[in-house]
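I opened this notebook to record what I looked up in one structure. The entries are kept in the order in which I worked.

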Amino acid sequence: MPRSRIRQCLAVGIALSLLLPVGAEAAPTSGWDVEPVRDVVERLLPAKQARQISLHPLSGGRESFTIGATDGGQVRISATGPSAMLAGFNAYLDRVARVDVSWNGDSLNRLPDKLPLPRREIRQDASVANRFALNDTDDGYTGAYRTWADWEREIDVLALHGINQMFVPVGTEAVYLDTFRQFGYSEAELLQWIPQPSHQPWWLLQNMSSFPSAVTADQVRERAELGAKIVRRLRELGITPVLPGYFGTVPPGFAAKVPGARIVPQGGWVGFTRPDWLDPTSAPFADVAAAFYASSTRLLGSSTHYKMDLLHEGGSPGPVPVGAASVAVRDALDAARPGAIWVFLGWQNNPRPDTLAAIDRRRVLIVDGLSDRYADTDRNATWPDTTYAFGSIWNFGGHTTMGANTGVWEDRFWRWRAKAGSPLDGIAVMPEASDNNPAAFDYLTGLAWRSGPVDPKAWFADWAARRYGGTDAFAASAWQTIGRTAYAMPADGWSEAQDGLFAMVPSLTRRTAASWSPESMRYDATAFALALPALLRVDPKLRATSSYRYDLMDVTRQVLSNRSRTLLPRIKAAYDGKDRAELDRLAGIWMRYLGLLDEVTATNRQTMLGPWLADAGSGHSARTLLTVWGHRAGYDAGLGDYANREWSGLISGYYAPRWKAYLDELSAALRDNRAPTSFDWYQRGADWAASSESLPTAPIGDIHAVAGRVLDVLRSEPEPVTATATVDPANVPDGASATVSVRLRNTDPFSVAKQVRVALEAPNGSGLTVREPVVELADLAPNGEATATFSVQASGTATEFFATLTASVTSTPAGRQTSAVRVMRAGPVAGALTRSTNAAVFGQLGDRYLIEGGGNDLWGSTKHFGSIYRRGVLAPGATVTTRVDRQDPSGPWARAGVIASTDLAGNDGRGFLNIAVTPQNGCVFSYDSNNDGTLDRFAQLTGLTAPLWVRLTRVGDTVTGSCSTDGTTWRAAGTTTVPPGATLDAGLFMTAANGGSGTRGAAEFTTFHIS
């Protein structure tokens, strides 16, 4: 029988064997086909070496592999199934041959002609049954226009790393097209509704539709064929295709076409209008779902795992009981696929507690995206009786930044797994874009094929030895440095590292390129930079590996990118100080670094824009996704540059021209003594996305030579000694004194800072005096630290909340650096209570109020805020109003306004809500939709910043949050219902929403009015 026919028959057998409850262990029949595994081996290795791998199927028992030697001197790999066998082949390459295969290069060219044999037999069981890969967004951010060759490589790499479940959205647009043709829609209507492939992930999540242009029938057909091909290959390799299920998304006008359909409008999602939701408890839902699953089977094939996320990121159930709707969705799945597993994404409030309470949780798998993000997380407690996979989202939007919270993984995975009755039985590879961060990928997938924890230091030593196919002291040193910096980040509210400011919309005050990314370094950039000279000294024999070339490019790129975070504050200081010559000098360095960044990334095809656009054809939708993301409303709501990445072509063609225009305008403004002209950054981005110039698709340059030149440039332009000034106590009323501490750090990794001198100056009229205002310090070694302390006395009367002192630091060779410290000059709060979960400080001057504090966020289970409030004042008929005079931009979602709850003094109050102004996201009304005491929904009015009036108005049990620019004309941002008859505390509040950066902020208010 032909091999292809054998595979088709066996694929059916493998698919049937996967009809198991979550966490159950398959017991493949003896004699299962090893030929698909053989094909992977032959795709990776030259024929002479591939022939030395002997594959042997096992039956029964735990999922496992064994590595040994045959009598004929071949490498023998035995396993209980295709997934385990490929994991075994990868373990042979890692542990015995000491080479590496990743989705970013390999060291296979270091294999000898005669493959080494293991010194002893190696046997390994899988530690978990569920090994899931690919975020819902991966198809968009990694490349929705990938070819079969791209997918074949992706699948091979995932299979080698033991993945046995993979999300496959490709081709689902054909399922929707076929389904709704049966319910009265024309092909033209549906093609207009379905987004381009670049944006389809968010359509499948019910976030948006009809953007940026209609798909074509040919696109739909071609992607359906590709999706079916992907599914067939996965089955051959023992990987369960996880397909999109049906949970109620319908095209516009469905109720007019189908009698009895109850439609729930879904409102907006980050500036987009969400598709309508068909009430699953209405009669037509079962018919649509049956047609959907029949079409999915015909076009893509059937599966045992279907992924669905009801009401994702703010969807509204309206009057539909979520539990009943969830049961109806489950029933429809059971009718089409009896016993199938419902796969959920663990994200924000998903899966909803009312969904899990209503359905059979034995047939649920949660692939968690937040296992490593927050300090107070315990998923065993969140889902005590529902199987989940430990996962991480180490990049958002496809950001190219290196790093992950691997230490958190090592601790939590094994600790949670060891708890009696733990439902943890999987790992989930969940970056929003794959094909990056190979160390993170290897580390996370490796958890599934180990018997217990390892020391991260030992792991990175092993990684360095196999990554380039040979032991090298400099490679080991480099990866120890990288491992204890970028890959040792804590669970501080983030799972990805900071993005680079070169990709940011030009600004002197923003601290992140993407709206929802860390605003400061999450690791020591100075220490990280030492990996670059170490990698440059790796043995020339190892430099020929594609893995070395990728890593040297990536580390060089990251070192340059990190420089943006120390250089931009210097540019701002020069502009604020009206020093045009210094501004121009620093702007020249900024532009030079952008040029070097483009040159570095041009050396590797995976960090070039040209190949990505070539796969996308015209490229308009792909260009849009990388830049403005969506239309103007979405851009203004925070999506602009969400998918930023440091890629050659994108840097030189888009980021660099933006920065040059901006920096030239700042210089011209100083020359002409005027305010700088503003730019319409959205329109610039939209125009660039609509362009069609071709870009190189082949790498340019030798990365070792380029990286060497970058290092020379960095050494010739030393980083300054940074100064961070703090005051204790924070509030210094008349007659009091305080200590100002100026913490100094030599941020340059390559040179000593000499002749270090610190001066502290108080402004005239502040009422503050600095005793002994100058301190001289010893030399600071690279990454060295010192502290200068000053005594400050308050002797005058305060008329403003703050006085700003300036600490000036001079050193050679880097020059002068300044740091400002605000000293609070406020009296105590009278006639109100205070509450702080963000180390807030409160003050009052007459009818003006101040709250200064920190806080990671005020959303979900994170409740970091400071409040000046009164008990029970938001009664039916009452309104609480204030004017937010000023707000520090401590984060794009920093909030200041009016807050309410049944108990603002505690953590468990119901009716939790607030109306607030933000620095970048307008006026936002946040509320608790199910009265569980956590904020889980929001509505916003974009384009508004402080100063702004905000108020909460209660009519019966309905509370409305409104905003006004003048205190007279009000616009409602949102409305919610609080528990019937509840007494609500209310007051002023702020949160820095700093995302874990530690940044503090202040909000100033006029009036706390209750009517």
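**Entry 1. Conventions.** I worked from a predicted model, in which local features need pLDDT of at least 70 and side-chain atom pairs count only at pLDDT 80 or more, while totals for chains, interfaces and linings use all residues. Residues are numbered from 1 along each chain as its sequence is written, and side-chain values use heavy atoms, with hydrogens and water left out. I took helices (H or I, at least four residues) and strands (E, at least two) as DSSP runs numbered from the N terminus.

**Entry 2. Helix H26.** I asked which residues of H26 (632-639) are buried. They are Gly634, Tyr635, Ala637, Gly638 and Leu639; buried means under 20% relative accessible area, exposed over 50%, and partly exposed in between, with a 1.4 Å probe and protein chains only. I then looked up what covers these buried residues, and the cover includes strands E10 (268-269), E11 (272-273) and E36 (937-941) as well as helix H28 (681-690). After H26 comes aspartate 641, which has a positive phi near 60 degrees.

I also examined arginine 632, which lies in H26. Its relative accessibility is 33%, so I noted arginine 632 as partly exposed. Beyond residues up to four places away in sequence, arginine 632 touches Asp680, Tyr682 and Gln683, where contact means heavy atoms within 4.5 Å. The C-alpha atoms of arginine 632 and tyrosine 682 are 6.6 Å apart, although 50 residues separate the two along the chain.

**Entry 3. Helix pairs.** I compared directions using axes, which are lines fitted to C-alpha atoms (for helices over the stretch in contact), with angles from 0 to 180 degrees between N-to-C directions. The axes of H22 (546-576) and H23 (580-601) come within 10 Å and cross at roughly 165 degrees. H22 and H23 are therefore roughly antiparallel; the classes are roughly parallel under 35 degrees, roughly antiparallel over 145, roughly perpendicular from 65 to 115, and oblique for the rest. The contact of H22 with H23 comprises 15 nonpolar, four polar and five charged residues. For these classes, Ala, Val, Leu, Ile, Met, Phe, Trp, Tyr, Cys and Pro count as nonpolar, Asp, Glu, Lys and Arg as charged, and the others, Gly among them, as polar.

For H7 (172-181) and H10 (217-236), I found an angle of about 120 degrees and axes 7 Å apart. That makes H7 oblique to H10. Glu173, Ala174 and Leu177 in H7 meet Val220, Arg223 and Ala224 in H10. By class, this contact has four nonpolar, no polar and two charged residues.

**Entry 4. Open sheet.** I traced an open sheet of seven strands in the order E27-E28-E41-E32-E37-E38-E39, with antiparallel pairing; two strands pair if DSSP finds at least two bridges between them. E37 (948-955) and E38 (958-964) run antiparallel and are joined by seven bridges. Arginine 954 has valine 959 in E38 as its bridge partner.

**Entry 5. Strand E5.** From E5 (130-133), Asn130 and Phe132 point one way and Arg131 and Ala133 the other, and all are buried. E5 pairs in the parallel sense with E17 (424-429) over four bridges, and alanine 133 stands opposite valine 429 in E17.
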